[in-house]
Amino acid sequence: MKVFYPKGYETYKGPKFENPSRLSFLNFIKGKEVSYDTSTLKAIERLHGKDYINKIKDLKNSESNNLDLSFEKSTFLVGANAVAATIEAARNFGFAAVRPPGHHASSQPRGFCYFNNILIAVNHVFPNKKVAILDLDAHYGDGTHEFALKMKNIRYFSIHANPEKYYPYRKFKRDNDVLIDVEPEKVNDKKFIEYVNELISQIKRFQPDVLALSIGFDTFFSDPVIGFLLKKPSTYKEVGEILREEFNKSFAVLEGGYSEHLPLLILNFLEGFFGLENIQFKESPKKVVKRFRKKKGATYSLSNSGEIIETITNIKTVSTYNRKEGMSYVLKGDSVVEFQKIMITDKQFIEWKKVGLLNKLYNMGYEFDVVYEPQQIEWEKLLKQNVNDIKVKGDVIIIKFDKHSLFLKKHSLVDGYVVRLYERD
Ligand SMILES: [Zn+2]
């Protein structure tokens, strides 16, 4: 068995995007369900210290204004099970399909993370080995790196959105660790593979006994939290293949990735990392493809060699269009002639509330924060128009006024939200 997942993961609702459906690829793939025991708790204690476990147990939502965490009845249980699943993955050189993720957790839980899954496992399973941590999540794994600073046998290698501008907004330094800070909107599939190869050559110089991979899929273009330009699911397969070729002993742990494409991206990665022949499907790959076909926005087919090929057909995007500030994709097809980026102030937000527009959105299950400074938009005019239609496409909400379409990207607690106004002809 190559895939390990935490028992009860579906009972932990999670904050915002970090929800149980992230592991829906397990509908297709066989994995081993894992629960924690006393040795798991000892392993957690070894990295985080004794008090930390109790702290996580005792935290309640009311005591924390940290919106990117969710203290539920099952938070501790699923968090500890995720650690146990990661330990199993490390022992078996497999894949820990875990949530909550872990790479932001150190002395505090943060960024959807409570326990630093990967380092707890490394520390527990390979205490005296040279271990290279490769972190390919879109975000810098500040928690992992902070812990790693104290460990001589571990080195940290990562490519991520520049943390001066993007979450987690902090950074550590150590000689021989390699951090590649990038601007997400400049990184496409080709560039990403180049960076991965660059990191691999650095890692090889370190000659690790084991490679531990923190793999995130929030580098995919459709991800709601950040604006990388990776568009081919097969890029993750390629990453997996390269790592399989280069390192004899490796295991991987799931970190971020919140788009509707996540199951497919994980499947691609597993195919590369283990080889299709080593993945145990719950049903024939052909049936899996059929099931995928039911999903809107993409078509799936099997290649001659049995690989799952995805073609994104329906997600109409102009991805290079004004992607500054990690902005969302633009949907084509609505007669958009021109657009202006708008930014809402508190005052405007209140005005919006007044006209009941946001109430409608709240009723549809969306929440919004207020970010960014304003620009020259004629709000008065906009607010006088009728709301003709509210549509939801993926994580974008489109509100059609008489003369304007307003595109709201679903709330992202990691990077704030983005609003754009499109003027129609
Ligand atoms: Zn991330």
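# Close-up views of the predicted model

**View A. Asp142 is found in helix 5 (residues 142-148).** Numbering starts from 1 in each chain and follows the sequence as written. The model is predicted: local features require a pLDDT of at least 70 and side-chain atom pairs a pLDDT of 80 or more, whereas totals for chains, interfaces and linings use all residues. Helices (H or I, at least four residues) and strands (E, at least two) are DSSP runs, numbered from the N terminus. Asp142 is buried, because 25 other C-beta atoms lie within 10 Å; the term requires 20 or more other C-beta atoms within 10 Å of the residue's own, with 12 or fewer counting as exposed, values in between as partly exposed, and C-beta atoms placed from the backbone. Setting aside residues up to four places away in sequence, Asp142 touches His104, Pro168, Arg170 and Phe172; a contact means that the C-beta atoms, placed from the backbone, lie within 7 Å. Tyr169 is 27 residues from Asp142 in sequence, and their C-alpha atoms are 9.0 Å apart.

**View B. Tyr156 lies in strand 5.** With 27 other C-beta atoms within 10 Å, Tyr156 is buried. Its contacts, leaving out neighbours within four places in sequence, are Ile133, Asp135, Thr144, His145, Ala148 and Asp177. For Tyr156 and Ile133, a sequence separation of 23 residues corresponds to a C-alpha to C-alpha distance of 4.9 Å.

**View C. Eight strands form an open sheet with parallel pairing, in the order 2-1-3-8-7-4-5-6.** Strand 2 and strand 6 (178-182) are at the edges with a single partner strand each, so one side of each has no neighbour in the sheet. Helix 6 (residues 189-206) packs on the sheet, where it touches strand 4, strand 5, strand 6 and strand 7, and its direction makes about 170 degrees with that of strand 5. Helix 4 (residues 117-125) lies across strand 3, strand 4 (131-135), strand 5 (154-161), strand 7 (210-215) and strand 8 (250-254), and runs at about 165 degrees to strand 7. Axes are lines fitted to C-alpha atoms, for helices over the stretch in contact, with angles from 0 to 180 degrees between N-to-C directions.

**View D. Strand 1 (residues 3-6) is covered on both faces.** Val3 and Tyr5 are buried on one side, as are Phe4 and Pro6 on the other. Strand 1 pairs in the parallel sense with strand 2 (residues 32-34) over 3 bridges, and 2 bridges join strand 1 to strand 3 (residues 95-96), also in parallel; pairing requires at least two DSSP bridges between the strands. Phe4 has Lys32 as its bridge partner in strand 2 and Ala96 as its bridge partner in strand 3. Opposite Val3 stands Phe95 of strand 3.

**View E. Strand 8 is largely enclosed by the rest of the structure, since 5 of its 5 residues are buried.** Ser250, Ala252 and Leu254 cover one side, and Phe251 and Val253 the other. In a regular strand, side chains alternate between the two faces of the sheet. Strand 8 pairs with strand 3 in the parallel sense over 2 bridges, with Val253 as the bridge partner of Ala96. Strand 7 runs parallel to strand 8 and is joined to it by 5 bridges; Leu213 stands opposite Ala252 in strand 8.

**View F. Helix 1 (residues 38-48) packs against helix 4 at an angle of about 105 degrees, with the axes 9 Å apart.** The two helices are therefore roughly perpendicular; this term covers 65 to 115 degrees, while angles under 35 count as roughly parallel, over 145 as roughly antiparallel, and the rest as oblique. Helix 1 contributes Ala43, Ile44, Arg46 and Leu47 to the contact, and helix 4 contributes Leu119, Ile120, Asn123 and His124. By class, the contact of helix 1 with helix 4 comprises 5 nonpolar, 2 polar and 1 charged residues. Ala, Val, Leu, Ile, Met, Phe, Trp, Tyr, Cys and Pro count as nonpolar, Asp, Glu, Lys and Arg as charged, and the others, including Gly, as polar.

**View G. Helix 8 (residues 262-274) is mostly covered, with 13 of its 13 residues buried.** At 1.5 Å a residue, its 13 residues should span 18 Å, which agrees with the 18 Å between its end C-alpha atoms; the expected span is 1.5 Å times one less than the number of residues. Gly275 follows helix 8 and has a positive phi, near 90 degrees.

Key. Contact = placed C-beta atoms within 7 Å.
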